[in-house]
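This report is meant for a reader who is meeting the structure for the first time.

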Amino acid sequence: MAFPAPISVSPDPTAASSNSCTVFHGFVSNSSRIFGWKLKSGKREKLRLRLVSDSRNTQRLSLRASMGPSGFTQQLENKKLETVTEAEDGCDIFHDIKDRFLSFKKNYLKNNEQFQILAKGQAPKFMVIACADSRVCPSNILGFRPGEAFTIRNVANLVPPFESGPSETNAALEFAVNSLKVENILVIGHSRCGGIRALMSMQDEDDANASFIKSWVVVGKNAKIKTEAAACSLNFDQKCRHCEKESVNNSLSNLLTYPWIETKVVNGELSIHGGYYDFTECTFDKWTLDYQKTKMEQIGRLAVKDTLFWS
Ligand SMILES: [Zn+2]
């Protein structure tokens with residue numbers, strides 16, 4: 001039964017610390033990391049130039065070494081070792097990634113038959129719409145294996161309504177529903193979502209076109225309006241938490257604005273689900289849209305069924 005979707009707003013003991021943070025806490029961190037990466041890239045570039053220069057020096061020294069005493073050759077070897085070590089330090093981040101890839105490849109080879117089948121095509125049962133946030137990868141959290149979930153991730157896991165026109169999200173939806181014929185669409189929201197904080201921070205007078213982020217998150221404005229109406233006495237962090245779930249429901253409603261999605265839901269070929277991952281508690285809420293009851297509702301609320309809470 002449950003109208004609307006399960007929404008629990010509880011005081012968050014750690015929320016106070018985020019009060020003093022900037023609204024785009026998550027995005028600022030990412031920018032810092034990108035900046036850090038640029039620095040590393042610069043360091044790598046310098047290192048590459050040094051290697052070229054060292055290589056030329058080494059060639060000259062090799063000529064001299066062939067005529068010089070044996071100790072001099074040892075010095076050259078030491079120099080080479082030193083240079084290689086520096087080069088490796090400069091690429092640490094990709095050494096780690098390489099190790100992970102090779103570890104994945106071991107698993108690939110172990111399950112080669114399955115991967116050869118996947119190489120011919122995919123038939124996932126799930127289409128997943130999740131946030132781009134680096135902490136909430138659905139394959140990590142829910143264990144989707146290759147070929148199981150056609151996934152698109154965007155800021156705040158939003159689904160724009162049909163009438164808003166083309167976007168990456170509805171292009172992915174069209175392919176998943178009409179070509180791959182997925183049987184389930186799962187929209188996953190999450191705690192401490194920077195995109196939802198951006199939405200909740202927008203003032204009425206704000207120009208939605210002032211930034212790409214604003215012009216995107218405004219897709220969820222109905223969730224913000226519902227949150228302000230239902231949770232006006234809560235503090236900002238609590239409102240954000242409320243909106244994180246309300247926004248998932250808004251996306252579920254928006255999914256029904258796509259005629260080819262609604263037709264499949266009516267025919268029982270497609271189910272629409274909401275999910276909410278709380279990564280401070282490591283819990284997961286899941287609920288399923290009850291299409292028949294939603295349509296019977298006079299005031300446009302969502303009816304949901306099969307609610308589950310995993311903790
Ligand atoms: Zn997010």
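## Basis and overall make-up

A residue is called buried if 20 or more other C-beta atoms lie within 10 Å of its own, exposed if 12 or fewer do, and partly exposed in between, with the C-beta atoms placed from the backbone. By that criterion, 27% of the 311 residues of the protein count as buried. The model is a predicted one, in which local features need pLDDT of at least 70 and side-chain atom pairs count only at pLDDT 80 or more, while totals for chains, interfaces and linings use all residues. Residues are numbered from 1 along each chain, as its sequence is written.

The protein has 13 helices and 6 strands, where helices (H or I, at least four residues) and strands (E, at least two) are DSSP runs numbered from the N terminus. Two residues are taken to be in contact if their C-beta atoms, placed from the backbone, lie within 7 Å. Among the contacts in the protein with a separation of 6 or more, 66% are accounted for by residues 24 or more positions apart.

## The crossing of α8 and α11

Two packed helices are described by the angle between their axes and the distance between the axes. For helix α8 (residues 194–201) and helix α11 (residues 236–255), the axes come within 9 Å and cross at roughly 110°; such axes are lines fitted to C-alpha atoms, for helices over the stretch in contact, and the angles run from 0 to 180 degrees between N-to-C directions. The helices α8 and α11 are therefore roughly perpendicular to each other, since this term covers angles of 65 to 115 degrees, whereas those under 35 count as roughly parallel, those over 145 as roughly antiparallel and the rest as oblique.

On the side of α8, the contact is made by Ile196, Arg197, Leu199 and Met200, and on the side of α11 by Phe236, Lys239, Cys240, Cys243, Glu244 and Ser247. These residues divide into 6 nonpolar, 1 polar and 3 charged, where Ala, Val, Leu, Ile, Met, Phe, Trp, Tyr, Cys and Pro count as nonpolar, Asp, Glu, Lys and Arg as charged, and the others, Gly among them, as polar.

## Helix α10

In helix α10 (residues 221–230), the buried residues are Ala223, Lys224 and Thr227. They cover an arc of only 100° around the axis, which puts them on the same side of α10; the arc is that of the directions from the helix axis to the C-beta atoms. What covers these buried residues includes α8 and α11.

Lysine 226 also lies in α10, but this residue is partly exposed, with 19 other C-beta atoms within 10 Å.

Glycine 195 has its place in helix α8 and counts as buried, with 27 C-beta neighbours inside 10 Å. Leaving aside residues up to four places away in sequence, glycine 195 touches Cys131, Val155, Ala156 and Val217.

Alanine 156 is in the loop between β2 (149–154) and α7 (168–179), and asparagine 157 is found in that loop between β2 and α7 as well. Most residues other than glycine have a negative phi. Alanine 156, however, has a positive phi near 75°, and asparagine 157 has a positive phi of about 45°. Alanine 156 is buried, with 27 other C-beta atoms within 10 Å, and asparagine 157 is buried with 30.
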